[in-house]
Every structure is written in structure tokens, then in C-alpha cells.
Amino acid sequence: MDIVKKLTEEFPSVKPDKVQNIINLIDEGNTIPFIARYRKEMTGSCDDQVLREFNDRLTYLRNLEKRKEEVAGAITEQGKMTEEIQKALDAALTLTEVEDIYRPYKQKKKTRASVAIEKGLQPLAEFILAQDKDADVKAEAEKYIDEEKGVASAEEAIAGAKDIIAEIVSDDANVRKKLRNLFMKNGEFVTKLVNGDKDESKTYEMYADYSELVPEIKSHRVLAVNRGEKEGFLKVKVIFNEEIAKRVAGAGYLKDGGYSTQLVKEAVEDGYDRLIYPSIEREVRAALTEAASEQAIKMFEVNLKPLLMQPPVKDKVTLGLDPAYRTGCKIAVVDGTGKVLDKTVVYPTPGPKQNIDAAKAKLKELIEKYGVQVISIGNGTASKESEIFVAELIKEIKEETGREVEYIVVSEAGASVYSASPLGAEEFPDYDVAERSAVSIARRLQDPLAELIKIDPKSIGVGQYQHDMDKKRLDSVLSGVLEDCVNSVGVDLNTASVSLLKYVAGLNAGIAKNIVAYREGNGKFRSRKEILKVPKLGEKAFTQCAGFLRIPGGDNILDNTAVHPESYTAAEKLLGIFGYTEEDVKAGKIADLPKKVKEYGESKAAEEAGMDVPTLKDIVAEIVKPGRDVRDALPKPVLRSDIMDIKDLAPGMELIGTVRNVVDFGAFIDIGVHQDGLVHISEITDRYIKHPSDVLKVGQTVTVWVKDVDVKKNRIGLTMKRPRAKAQ
């Protein structure tokens with residue numbers, strides 16, 4: 001297989017002349033963020049997502065070629081390689097097809113066919129398969145009667161021969177391919193409820209007597225059924241018309257040979273029932289599960305990125321509130337940089353120690369003392385009561401002092417995981433678990449990326465069935481998302497935690513720890529070049545990571561931009577062409593540089609400065625605004641000062657909400673009533689969309705209208721389609 005040609009066909013968004021460049025860059029050990037950001041001329045400006053998909057596919061195709069070579073070698077060693085087999089291997093496009101070709105030559109465990117072969121019945125099987133009308137099968141079979149070999153009669157010899165024929169048909173790659181395709185295109189996915197008397201079985205009631213065509217079943221249903229089967233509540237089958245399937249299986253084997261053909265037909269049917277159907281069903285289930293898992297992982301990826309990239313609420317003194325009933329609400333006040341200023345416990349929620357007045361007095365004291373501007377409330381147990389309390393508190397503060405304080409309910413998913421982790425204990429050794437959680441809740445509003453990066457992505461709560469996924473595959477994809485987010489934002493080299501630094505391109509946990517240790521021992525870094533003094537950080541790692549590290553207030557203003565050190569000379573030449581200096585960059589006096597470059601001609605300016613045009617565009621954008629944060633351009637989180645209740649909602653009411661989670665069937669929207677509302681995919685827009693993620697992403701602010709409310713079941717139906725005015 002020509003891998004370059006194949007990738008060119010499969011990735012139409014990648015220019016054909018750039019495919020080999022990307023392969024070379026990957027093979028040289030460059031990281032995806034580095035390639036995407038600093039080798040645009042070589043890739044045709046491919047983004048990180050395309051490059052990751054390209055890399056995944058390149059790995060698969062190389063593994064496919066490697067497996068083809070292994071199979072060809074194994075068959076050749078047996079002396080059974082033919083031109084036909086080699087052609088089939090060359091034409092195989094998937095690992096499944098390769099394994100089908102190898103199946104007849106694979107060393108098998110003991111089977112009925114292998115036992116029959118040991119008894120010397122292979123020639124008899126071939127005699128029957130020839131299906132000669134005039135052949136006397138019984139007479140031929142009698143020749144194989146051998147007490148020592150365990151063949152006591154002609155009937156036993158024929159039965160053994162049929163076992164061999166059944167396995168020959170079962171191992172036929174073409175038969176398996178045809179049947180697999182039939183099952184995938186026309187098979188039926190059937191489920192039955194078992195243990196229906198148990199309360200837990202109610203989760204799977206819709207699958208009590210359920211069937212759906214294989215090509216039509218949605219990914220989330222496949223995963224739900226798999227979980228129900230694993231928990232012992234569902235029996236699952238994939239079925240297809242048995243008569244047609246057996247006809248397909250025997251099509252290449254059955255002739256008009258009288259009794260011999262009847263025996264072959266019986267062998268084919270036995271082979272289908274005993275060998276082919278169970279195997280094909282497993283393969284179809286595995287294929288559906290793999291596709292569903294990939295979709296679930298994709299959804300996790302789609303949701304996680306905007307969650308991590310939510311705009312930070314910068315430079316605001318924040319009070320984090322971790323709600324609870326019996327043990328009280330843990331409070332942490334942090335300054336604009338995330339440094340903890342104070343902590344306490346208050347009891348505003350129902351419980352044995354409830355004291356709303358004392359809680360108000362304490363929080364008013366903290367808000368006044370530290371100038372708290374925003375309160376971040378975790379959305380877990382007792383969140384609703386805490387939100388009501390905070391809304392009343394804010395109202396009183398405004399009436400008493402005129403001070404404006406706002407609040408927001410943030411997802412506390414994973415906060416408890418972080419709090420109980422070794423990292424949480426290392427960061428706050430003198431705090432208990434709940435106190436660490438309050439700090440995390442405050443900080444995840446101030447800088448979601450820096451705080452959420454400390455938590456296992458599977459615990460962040462924006463996926464579907466993530467705990468049922470292949471761990472290695474899920475971890476690989478999510479690590480890619482974390483890496484892309486961290487590198488697109490950049491990392492302050494003098495304040496970043498190990499958790500952040502380890503996701504910088506070219507670095508790992510070990511080097512990240514060394515950077516922090518060096519910083520603690522030698523003080524702040526003054527330049528990017530200084531990190532070459534960090535143990536185990538060599539030139540190769542420096543090349544990959546340097547452009548993603550920021551040094552505010554360092555010796556060189558370019559160190560606080562995404563300009564790579566390899567382009568410093570070119571950047572300085574560019575400034576010189578237009579009469580600017582480094583001091584002008586520091587003073588923010590080059591706002592008109594983009595206009596001047598455009599008038600001068602980008603190609604001409606790039607050539608004179610010694611760089612390519614994509615690099616020139618990136619450098620201009622960076623030096624005009626040193627230290628810029630790409631997240632600042634995104635819509636800010638919705639801060640509130642008052643609260644609504646689900647009972648206040650009525651159909652037709654217009655609200656502003658925040659997308660909390662996007663799933664295959666719709667999206668969950670936080671509208672400030674503690675319970676998220678569901679916008680079904682059919683209610684997102686008037687035009688056809690394939691998936692909710694085509695329109696919505698986590699963290700997005702949207703206008704919605706209440707469609708229906710069920711207070712008893714705590715369910716809210718929303719629509720994003722503006723209701724039409726009623727005719728007068």
C-alpha cells in the first residue's frame with residue numbers, strides 16, 4: 001500500500017504536496033502543537049485537530065502494513081503462500097480483513113475439525129467437497145474406518161469429514177466478509193430485559209423488548225445496552241435472516257452433486273450455526289461498540305476543549321463556596337492570582353448546626369475585609385439552598401453598603417477527586433479535603449484551565465459513558481485535548497504548576513518537576529534560554545517547548561509572546577523594516593504595524609525579514625499584543641446576583657443560559673434554577689443538523705425559551721427556536 005497516496009485521498013483538507021512533509025515532521029519526533037504552530041509553511045497551516053487525526057491514521061496504516069508482512073511471513077513459512085493469497089493481503093484495507101485471510105492458516109486450539117484431521121479424514125472431506133454425482137460416499141468412507149484412530153464406522157468418518165468442511169467454510173475470508181456486511185447493513189439489534197423485578201432494572205425499561213436495525217442504532221444506545229448487559233439486566237443479540245445467511249455461506253461450495261451436496265449443505269449449516277454466526281455476531285457487536293466508543297470519546301473531546309478554554313474571570317477577589325448540609329459550607333477566599341487569603345466554615349443550609357444569621361455575618365465580614373467581588377458556588381449537594389442564601393446575602397450587602405457582588409454556580413465535578421489526590425495534599429498539606437475543594441471551586445472560575453488540568457479528565461463530567469471506554473484510547477485522546485489547550489493559551493514559566501507544565505509540548509512530568517525545583521532554588525526565570533539550565537531539558541525539548549512558555553516582565557519582550565526563539569532575529573528585522581524598536585513593543589506603540597505590513601506587502605516583508613508568510617502573520621499578531629490570552633476574546637461567563645426557582649418557570653419564558661454538556665441527543669443548559677434544562681436536538685435550530693455539537697459547545701451563552709416544565713420530576717424542556725407570536 002502506498003501510505004502517502006492513501007493519506008492524500010483520506011485527508012482532502014491537507015494539500016497533496018504537504019502530506020509527506022507532515023509524515024517527515026512526525027517521524028522526526030516533533031510534537032503536534034509545535035508542528036501546528038511553528039511549521040505552518042510545511043503543513044499548509046493544518047490545525048492541531050487535523051494533525052492528530054492524520055497521525056492516528058498514519059499509525060493505523062503502518063500497523064496494517066506491519067501485520068500484513070507478519071501474516072505473509074507466517075503463511076510462507078507453512079509453504080502455503082500463493083499468488084492469490086498475496087493479492088488478497090495487498091488489497092486488504094483493514095486489520096479485520098487481514099485476520100480473515102490468515103484465519104485458515106492460524107494455529108488453532110483443539111476443534112472438532114482438528115480432531116477429524118488427526119484421524120486422517122481430510123482426504124474424505126475433500127472427496128465429499130468435490131460433489132461427484134456418481135461417487136459412492138459410503139464406500140469411500142468405509143476406507144477410513146480405523147479403530148486405532150477412533151473411527152468406528154463409515155457414519156463416524158462422514159461426520160468427521162463434515163466437521164472439517166464446516167471449518168473450511170467458516171474460515172473462508174470471502175464468506176465472512178459477505179456475511180459481516182449483511183449483518184452490518186441488514187442485521188437487527190435485539191434486547192430483552194432480565195431481572196426486571198429489581199429496582200435497578202428501571203434504568204433499562206425502554207430496552208425490555210427492543211429491536212432496531214444495526215445501521216440505525218445510535219451510539220449512546222449501544223453503550224447503554226452494553227452497560228445493561230454487563231450489569232445483568234439485559235440479554236442482547238444481533239440477528240439476521242438465517243435462511244439467507246446459510247444460502248450466502250454455501251453459495252461458493254454447493255454444487256449439484258446428489259448425496260455429496262446434501263452432506264456439504266449439512267456441513268455448511270452446522271458451520272454457520274456453530275462457528276460462523278457466533279463469531280460474526282461478536283465481530284458486529286465489537287464493531288458497533290468500537291464505533292460507539294469512538295463517538296463517545298469524540299463527544300468528550302468536543303465538550304472538554306471549550307470547558308478548559310472558558311474565559312478566566314481575571315483579577316477578581318473570589319470567594320469559593322463548597323456546599324454541604326450536615327458538615328457546613330466550606331469557604332475559601334482567594335485573591336486575583338489564586339492565593340488563599342482566608343478560609344472558614346459556615347452553616348446556612350439545613351442541618352444540625354444551621355445558623356443563617358451567623359453565616360451571613362461571617363461572609364459579610366470576609367467580603368468587606370478582602371474586597372470580594374464574586375462568589376463561586378459548587379453545584380453539588382446543598383447547592384440550591386446555598387445559592388438561595390448567597391442571593392439573599394448579595395441583596396442585603398447592596399442595600400446596606402451599595403457594594404456590588406455577583407455569583408456564579410460552577411461545576412464542581414472532579415473537585416473532590418483533586419482534593420483527595422496526592423497533588424491536592426501536596427499543594428495544601430494543612431487543609432482538609434473539603435477546604436481544598438473550596439479553593440478549587442474559587443480558582444476554577446478565575447482560571448478554568450489551570451485548575452481543571454489538575455483533575456483526571458474522566459472526572460470532569462462532560463462525557464457519556466467515559467468509564468466504559470478503552471482506557472488507553474480515551475487517555476490518549478484526552479491528553480491530546482489537554483496538550484492542545486495548554487499550548488494554545490501558553491504557560492507562565494514563573495507561576496505554572498507541574499500539572500500545567502507537563503502538558504507543554506516537549507515536556508513531561510519529570511522535566512516539569514525539574515523546572516519548578518529550579519525556579520524555587522534560583523528564583524524567577526528572566527529568559528526562555530535560561531530553562532536550558534534545567535536538568536534533563538536539552539536542545540530538542542527546548543525547541544519544542546520554548547514558544548509555548550511565557551515570561552512576563554522578562555529581559556526580552558518577545559519571551560512574553562508566542563514568537564518562537566528561532567524567529568527572534570526575523571522578528572527584530574521586521575520591526576526594523578518599519579522603524580520600530582523593542583521598546584516600542586513594550587510600550588504598546590506598534591498598533592498600526594498590521595496595517596503597515598499589509599500596505600508594504602506581506603510576501604515582500606516576509607522575504608526581507610527572512611521568514612515565510614504564515615510565520616509573519618503570527619509574529620505580527622503576537623508582538624502587537626504581548627502577553628495576550630486567546631481566551632479573552634471568548635464570551636465571558638454569566639454572573640448572577642439573583643436567583644429563580646423551577647416553580648417560577650412557565651412555557652414561553654425567555655432566558656439566558658450557559659451550555660453545560662453536549663450529548664448525542666441534545667444539550668443541557670444552565671438557566672439559573674439549579675436544575676439544568678434539556679434542549680433536544682430537534683429544538684436547537686430550524687435547519688437540519690447532524691449533531692448538537694454542530695451548533696453548540698460547552699460554556700457557550702445562549703438564549704432559550706421554556707418549552708415545558710415538570711416540577712415533580714424536576715425536568716425542564718427548553719427550545720432555542722424563538723416562539724412565534726400568537727395571531728390576534
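This briefing walks you through the main features of the structure above, from its overall build to single residues. The model is a predicted one. Its protein chain contains 30 helices and 15 strands, and 47% of the 728 residues count as buried. Welcome, and take the topics below in any order you like.

**Overall build**

- Along the principal axes, the C-alpha atoms of the protein chain fill a box of roughly 110 × 70 × 65 Å.
- The chain exposes about 35600 Å², and carbon and sulfur atoms supply 49% of that area.
- Among contacts with a separation of 6 or more, 66% involve residues 24 or more positions apart.

**Nonpolar cores**

- The largest nonpolar core has 109 residues, and L501, I515, I531 and L537 are the ones with the most contacts inside it.
- Helix α15 (residues 259-308) gives this core its largest share, 17 residues.
- Another core, of 30 residues, lies apart from it and includes I35, C46, L51 and V71.

**The open sheet**

- Five strands make up an open sheet in the order β6-β5-β4-β7-β8, and their pairing is mixed.
- Its edge strands, β6 (340-346) and β8 (406-410), each pair on one side only.
- On average, and with direction ignored, neighbouring strands of this sheet are turned by 20 degrees against each other.
- Strand β7 (residues 374-378) pairs with β8 in the parallel sense over five bridges; here V374 has E406 in β8 as its bridge partner.
- Helix α20 (residues 433-446) lies across β4 (318-322), β5 (329-334), β6, β7 and β8, and runs at about 130 degrees to β4.

**The barrel**

- Another set of five strands closes into a barrel, in the order β11-β12-β13-β15-β14, again with mixed pairing.
- Strands β13 (residues 677-680) and β15 (residues 715-719) run parallel and are joined by two bridges; L678 stands opposite G717 in β15.

**A buried lysine**

- K454 sits in the loop between α21 (448-452) and α22 (471-489).
- K454 counts as buried because its relative accessible area is 14%, under the 20% cut-off.
- Not counting residues up to four places away in sequence, K454 touches Y418, L423, E427, R443 and S499.

**Aromatic rings**

- Twelve aromatic pairs turn up in a search of the whole structure.
- One of them joins F578 and Y600 edge-to-face, at 5.2 Å centre to centre and with 75 degrees between the planes.
- F578 lies in the loop between α26 (568-577) and α27 (582-586) and Y600 in helix α28 (residues 593-600), so this pair ties together parts 22 residues apart in sequence.
- F578 is buried, at 12% relative accessible area, whereas Y600 is partly exposed at 31%.
- F665 and F668 also form an edge-to-face pair, because their planes stand at 90 degrees, with ring centres 6.3 Å apart.
- F665 is partly exposed at 29% relative accessibility, and F668 is partly exposed at 28%.
- F183, F240, Y272 and Y277 form one aromatic cluster.

Notes. Residues are numbered from 1 along each chain as its sequence is written. This is a predicted model: local features need pLDDT of at least 70, side-chain atom pairs count only at pLDDT 80 or more; totals for chains, interfaces and linings use all residues. Side-chain values use heavy atoms; hydrogens and water are left out. A nonpolar core is a set of buried Ala, Val, Leu, Ile, Met, Phe, Trp, Tyr and Cys residues joined through side-chain atoms within 4.5 Å. Buried means under 20% relative accessible area, exposed over 50%, partly exposed in between (1.4 Å probe, protein chains only). Helices (H or I, at least four residues) and strands (E, at least two) are DSSP runs, numbered from the N terminus. Two strands pair if DSSP finds at least two bridges between them. Axes are lines fitted to C-alpha atoms, for helices over the stretch in contact, and angles run from 0 to 180 degrees between N-to-C directions. Contact means heavy atoms within 4.5 Å. Accessible areas come from the Shrake-Rupley method with a 1.4 Å probe; for residues, only the protein chains shown count as cover. Rings of Phe, Tyr and Trp (its six-membered ring) pair if their centres lie within 6.5 Å; planes under 30 degrees apart count as stacked, over 60 as edge-to-face and the rest as tilted.
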